[in-house]
Every structure is written in C-alpha cells, then in structure tokens.
Amino acid sequence: VFFDYDLLNMQSKGLPAVVFEQKLIKSTPKSVIFGAVVADTPQQAVELEKRLRELPTVSDVESMAPRLIGDQSPKLQLIGQIKEQIAPIHFAQPDPDPVNLPELSSTLYSTYGYMGAAAEETQQDDPALAKQLLAMRASLGELRRAMLDPKRTPNAAADKLAAFQQALFDDVHETFEAFRNQDNSSGLQARDLPPALYNRFIGKTGKYLLQVYPKEDVWQRDKQEAFVKDLQRVDPTATGTPVQLYYYTSLLKQSYQQAAWYSLGAIIIMVFIHFRTFSSIILALLPVGIGSIWMGGLMGLFHIPFNPANIMTLPLVIGIGVTNGIHILNRFAEEKNAGILSKSTGKAVFISGLATMSGFGSLMLAKHQGIRSLGYVMSIGVATCMIAGLTFLPAVLNLLVAWQNKKQNKKQPSGDNARSTLGREEPR
C-alpha cells in the first residue's frame, strides 16, 4: 500500500474536460504545467533564465526579457526587409459564394497524389520532410472523405468550407497587415508587446515572469520533487503549479496522519477515564489494530492506494473501530460473558457497521476516482474493524476469562483442607 500523489489519477474518467486535458498532455512533449520565477528587472530575468536552462530537470524557459534588452539591430534590419518584400502584396476580398465541391474534390485528389509522389522522392534525402508530406497527404484525404460524406448534405458542407475559407484569408490578411505596420525605427519596448503577452509576462509592478517547463512528467512524485528542488536552488521563492502541488499534497498527507495520531491519543485518554485500566485500552484498540491490518491487506490485494481524497478516512476508521470495542467491553463488564454476537449489543454493532458501510459505500458509485476510492477504503475499514470487534475481541476475552479461572483455581485450597477449615469456623 502506498500514497498516490498524482492528482490526475483522481479525476473523473470520461469527463470532457478531463479527456481534453489528457489529449493536451499527450499531444506535445512540453508540459502543460510550469514553474514560475519572478525577476525585478529584465537583466535579472535574463540571468535567471540562463541559470534555469542549465538545470538537468528543465526543458525550456519562456520570458519576454531577452526580447527587450541587448542589441536588437539585426532583428530591426530583418523586419525592415520583410516589410519591403510584402509591401506590394495585396489581397482581394474573399469569395463569399459556397465552395464548388466537385471542383475542390478534384483538386484535393490531384494534390493527394502529388504529395505521395513527393514523399517518395524525398524519402532518402530528407526523411523528415517526407514524413511531413505524408502527414499532409493524410489530412487531405481525411478532408475529402469528410467533405463527400453521404450523411452530410452538400449545401451544408459547401457553406462550412466557404465560411472557413473566408476566416482563413481574413486571418492571413490581418497577419500581413501586422507585418506592414511594424515599427522598426527603434528597439522593442515592454509597452510594444501585445496585451496578451504583456499581461502574462509583465506584472503591474513592473516585475518579469519566467515560465519554467520541466523536462520530465512532474505529475509523478519523484520527478516533481526533483524539479521543485532544482527550482528552489536557483530561486527559493519559486512558485507555479508543480511547486504548489508538491507542498499541497505533502501537507495534506501529513495533516491527516497527525489527525489520526491526535484522535488515537484522545481516544486512549477517554477510554482510560471510562474503564480505569490499561488493559481495557489495549482491548478497546484491538478491533482497530486488527481491522487496520486487514484493511491494508485488502487495499494491497485490490491495488487501492491512499490518495489526497481517501487519506481522510484514517481518523474516521479509528473512531468507528474503537466505538465497537467500547460497546463490546461494556457489555462484557456487565455479564462477564464474551458471547457478544448472540446478544443485543453484538447485533447493534453489526447493524451499525452495515449502516455506516452503506452510507460510505454509496460513494463507490461516484465518477470522481478520488471520491470513489474514499468509498472503497472507508467501507473496507469499517467492515474489517467490525468483523475484528465481533470475532477477534470476544475470542481474546474468552481466553482471558479462561486464564483468570485457571489462575483462581490454583489459588483455592484442596477439598480436605477446605472442609477442615470450614469446620473450624465459629458460628455467628
């Protein structure tokens, strides 16, 4: 049994947001979460970026600072050349009419064949280019099949393609206009950045953000810890989602473990006040101890780890398990008979355990994997503590009664001595 720190394993399977998140994670080697380091000046940001890129756990660092300082004259010259080249380019208005599907299908079919031939010619000299050509060929074939799908009406397909065509050319037109309007008279300043970049990488106080991307999968605990430790060696105040997850899950686990120990200590004190003997404390805790061992075995058997959701069951299982032991010990103290299950107390403990299991067991129907695991662990823990209280504890009590009776019989005098002693008693 182990503690699973990966929060992705707690999400609801099949939920659209979760499915899309998994697609994002698998679609690129770049992590979707990153560490955050803040610098006071662009110069400090550049220095921090240099040190961060040298870390073995870092794959990339994104920042606006390198674009704002240093010699920008080569870039300014390049921008000027681009402006000269695109100056004579002008775009006509996009055709608003629906797309001619037969003509487009014929064009796509021809292009599909040309892409295959080009891939064969470039396979030996440039395999990477051949791979891209084949990918484009597959996309063209998929577009043509979707366009000519008999389930789709021709007019609907033509209208959608026309809308896409207009949006595409409008976007290209806007991009070229942005190139034409670039100001290459001076270097790039922070105020020249697009609002989306400025608001993301430069704060209201003028500080600069560096987004630090991990090289490994930081959802896994060991790689997450290595990444966080490396970040903190460069900047002790580093934050970001990996850092937050690392400390959040650590504190959560420690908190519930401490809560379990605190609840156990409080229970020991209350049991001692009630029974006034240390042996009663041990007997009251037996169902919890044995039930916890059984619970751990079953969790290992069915591959159910602890996680940030079900770790909260620890103090609950301790409290419920000790309650069973206290009820059984109270009944035993009254009747000196360990046959608890045949009496009302045993039945009450049994029904109470089943009711608790039914309540927490309903969580096993949840789609959220963390909540579902909470239902599994709580139901298993209540069941094992209940079974231990109704079987193991009475068996121990029977052994103790037999041991005490045997001990008392050894202390009693033999039959003849007993009669002589009784004969010498003075009448009252």
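1. Helix H9 (residues 241–275) has 35 residues, which at 1.5 Å a residue should span 51 Å, and its end C-alpha atoms agree at 50 Å apart. The expected span here is 1.5 Å times one less than the number of residues. Helices are DSSP runs of H or I with at least four residues, numbered from the N terminus.

2. Keep in mind that this is a predicted model, where local features need pLDDT of at least 70, side-chain atom pairs count only at pLDDT 80 or more, and totals for chains, interfaces and linings use all residues. Residues are numbered from 1 along each chain as its sequence is written, and side-chain values use heavy atoms, with hydrogens and water left out.

3. Arg276 sits in the loop between H9 and helix H10 (278–301), and at 65% relative accessibility it counts as exposed (over 50% relative accessible area, 1.4 Å probe, protein chains only).

4. His303 is another one to look at: its phi is near 55°, positive in a residue other than glycine. You'll find His303 in the loop between H10 and H11, and its 69% relative accessibility makes it exposed.

5. Now the helix pair. The axes of H11 (residues 313–335) and H13 (residues 369–411) come within 9 Å and cross at roughly 30°; axes are lines fitted to C-alpha atoms over the stretch in contact, with angles from 0 to 180 degrees between N-to-C directions. H11 and H13 are therefore roughly parallel to each other (angles under 35 degrees).

How values were computed: Helix = DSSP H or I, 4+ residues; strand = E, 2+ residues; numbered from the N terminus. Parallel < 35°, antiparallel > 145°, perpendicular 65-115°, else oblique. Buried < 20%, exposed > 50% of the residue type's maximum accessible area, 1.4 Å probe, protein only.
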